[in-house]
Structure formats: C-alpha cells, structure tokens
Amino acid sequence: MTDYYQTLGVNENASPEEIKKAYRSLANKHHPDKGGDQAKFKDISVAYENLSDPQKKAEYDQQRMYGGMPGGGNPFGGTQFHFNTGNPFGDIFGGAGHPFGDIFGHMRGGQVRRNRDLNIQCTVSFLDSFHGKQLEANYRLPSGRNQNVVINVPAGVTHGDTIRYSGLGDDSVPNAPRGNLNVTILVQSDPKYDRKGDDLYTKIDITPIEAMIGTKKKITSLSGASLDLDIRAGVENGVEFASNGHGFPNVNNGLKGRFVGVVNIKTPKVTDPTLVAQLQQLNAQISKQH
C-alpha cells in the first residue's frame, strides 16, 4: 500500500493547508511540462487527491490504523492488489443521533444513504499499460462477503488512472444501493522506455566517435516495430528521432503517439595506455581542424 503521507512528505496530523502547500511545492517541482518525472507527478497527484478529500482521507486513515501497511506477498502472480475498503465498524461509533444510524442506513432528509465506495490499487507492468491487460481480483467486502471482479486495463492507461465499476462496492447497508468499486492503476517504470503524454521514449546509446563520424542504429518500439536510424556525423547529445503512430494509444480516442529515440552519447572509460595515446593523437589532429 502506498503511503500518501510519505509521498507528500507530511505527517498524519498535517492540516489541510499543510497538505496543500506540500502538494503545490512537489507538483511544481515534478511537473512533466517542466521536465519532471511523470510517474512521480502522478504519485503526488494521487496522494493529494486522497488526503485533500475528507471522506477519502478518513477511509485511508482507517485502513492505516486497522489494516497496517502490508508489504510482500503477491496472490495474483505478477500483479499486485492492495485493498482500501475502510473500517467496516467505523460508522457504528461515529455521528450524531442513533449510534447505529449510519451503518444501517437510516433515513436522512427523506433519502436512503448509499453504501460506500471501495478503492483498490492494481499494479501493472509498463508493457501491460501499453498493450492493455485483463486481470481478475477477489476482495473482501466490509460485510464479510467475498467479491470477484474482472479488471479490464485498457491499452494506453496512465499511472494513477482510476477505473470505476458501478455496484461492486460496499453492501453493508440493507435495502440501499451498493457503492462503487474504484480501481486505481499504478504503472511500473521500465529500464529501457519512458513515457511523456502518449509518446514513447527510448535512448539511443552511441559512442563519442560514432557521434563524430555518424552511425546507423536500430530501435524497437513496444509495438514490435523496428526503426532503422541514420545518425548523421556531428550529432549532438539529446537529438530526437521520432516516428508517428508507434507510441501509446490514447484511451479516449485511440490515436497513437510518437515513438521517440533520444541520442545519448556515452563516454567509455579507456585505461589501455596504447589506446589512450592513440586517442590523444586523434584529438590533437581533430583540434587542428578548428
């Protein structure tokens, strides 16, 4: 389970103003438009969304108190599910009037109170977020009943996106509509690829000599498409090569972003004395041309 307080760098007794201040500071620092990390920015946004809403914060605090901070163990193979169903006894001792009024859904203002929404988190791989994936989860409702759900993770889902399933939430209150199930998708990072918007990024590692004389490289998208690149002589670090239609599909309109290769000039460590002498001579010759 993600510790939202730790993500924002505040303690659990922080005031709403302190939480907002911490969020604004971190969001400004990690915003993708300012060169920040998109995954980190999403984590910050999800944490603030849960801690800034009094009801969500109360449910989250109950989970931390009664459920602890679980770690380890993965009953679903490569996919992890963390459950945030709140404390099923939380409403019994709270609220005004009849001490059991909330839990049994008594009439308030002429309307029956709807059962609570439940929240779970689903962690998927970077590759699964590109292609989409169907998962199955089993979770325990506050009423004690087990509930199964098939989670259809759409292709192009982004870190922090929430999928809502109507009528799969709490059912503790008799004769009242069931709550919803909110599934927050957490996308793992990938050592080879990165994402910015719907664009898929990867590095093109070349040596300083290749940068000087030019070279040919091949990069492969997550879609399986291979791109042959002709890198010109004198290329600079950070130059981008982009191909349309091989990036992430947009979950709203299906349009695919770009696949972008970014030149990354890697300087090897040379220790052989003979080779060092040769490079020094080559460098002296190159310097004479300027």
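This is a predicted model: local features need pLDDT of at least 70, side-chain atom pairs count only at pLDDT 80 or more; totals for chains, interfaces and linings use all residues.
Residues are numbered from 1 along each chain as its sequence is written, and side-chain values rest on heavy atoms, with hydrogens and water left out.

Aromatic pairing was assigned to rings of Phe, Tyr and Trp (its six-membered ring) whose centres lie within 6.5 Å, with planes under 30 degrees apart counted as stacked, over 60 as edge-to-face and the rest as tilted. The count under this rule is 3 aromatic pairs. One of them joins Tyr-23 and Tyr-48 in a stacked arrangement, with 4.1 Å centre to centre and 10° between the planes. Tyr-23 belongs to helix α2 (residues 16-30) and Tyr-48 to helix α3 (residues 38-52), so that this pair links distant parts of the chain, 25 residues apart. Helices (H or I, at least four residues) and strands (E, at least two) are DSSP runs, numbered from the N terminus. Tyr-48 has a relative accessible area of 18% and is therefore buried, the classes being buried under 20% relative accessible area, exposed over 50% and partly exposed in between (1.4 Å probe, protein chains only).

An edge-to-face pair is formed by Phe-126 and Phe-248, at 5.5 Å centre to centre and 90° between the planes. Since Phe-126 lies in helix α5 (residues 126-131) and Phe-248 in strand β13 (residues 240-249), the pair ties together parts that are 122 residues apart in sequence. Phe-126 counts as buried because its relative accessibility is 7%; for Phe-248, also buried, the value is 0%. Ring pairs connect Phe-126, Phe-130 and Phe-248 into a cluster.

Charged side chains were also assigned to ring faces (NZ of Lys or CZ of Arg within 6 Å of the ring centre and within 35 degrees of the ring normal). Arg-195 is placed over the face of Phe-248, 3.9 Å from the ring centre. Lys-196 lies over the face of Tyr-201, at 4.9 Å from the ring centre.

In strand β4 (residues 118-124), Asn-119 is buried, as its relative accessible area is 16%. Its side chain makes a polar contact with that of Asn-182 at 3.1 Å. Such a contact is a pair of N or O atoms within 3.5 Å; within protein, one must be able to donate a hydrogen and the other to accept it, and residues adjacent in sequence count only if both atoms are side-chain atoms.

Salt bridges (a side-chain nitrogen of Lys or Arg within 4 Å of a carboxyl oxygen of Asp or Glu) number 10 in the whole structure. Asp-161 and Lys-42 form one of these, at 4.0 Å from N to O. Asp-161 lies in the loop between β6 (146-153) and β7 (162-165) and Lys-42 in helix α3, so this bridge ties together parts that are 119 residues apart in sequence. Asp-161 is partly exposed at 22% relative accessible area, and Lys-42 is partly exposed at 23%.

A salt bridge between Asp-170 and Arg-116 spans 3.5 Å, N to O. Asp-170 occupies the loop between β7 and β8 (181-187) and Arg-116 the loop between β3 (111-112) and β4, so parts 54 residues apart in sequence are tied together. Both Asp-170 and Arg-116 are buried. Glu-210 and Lys-217 meet in a salt bridge at 3.7 Å, N to O, and Lys-217 is partly exposed, with 25% relative accessibility.
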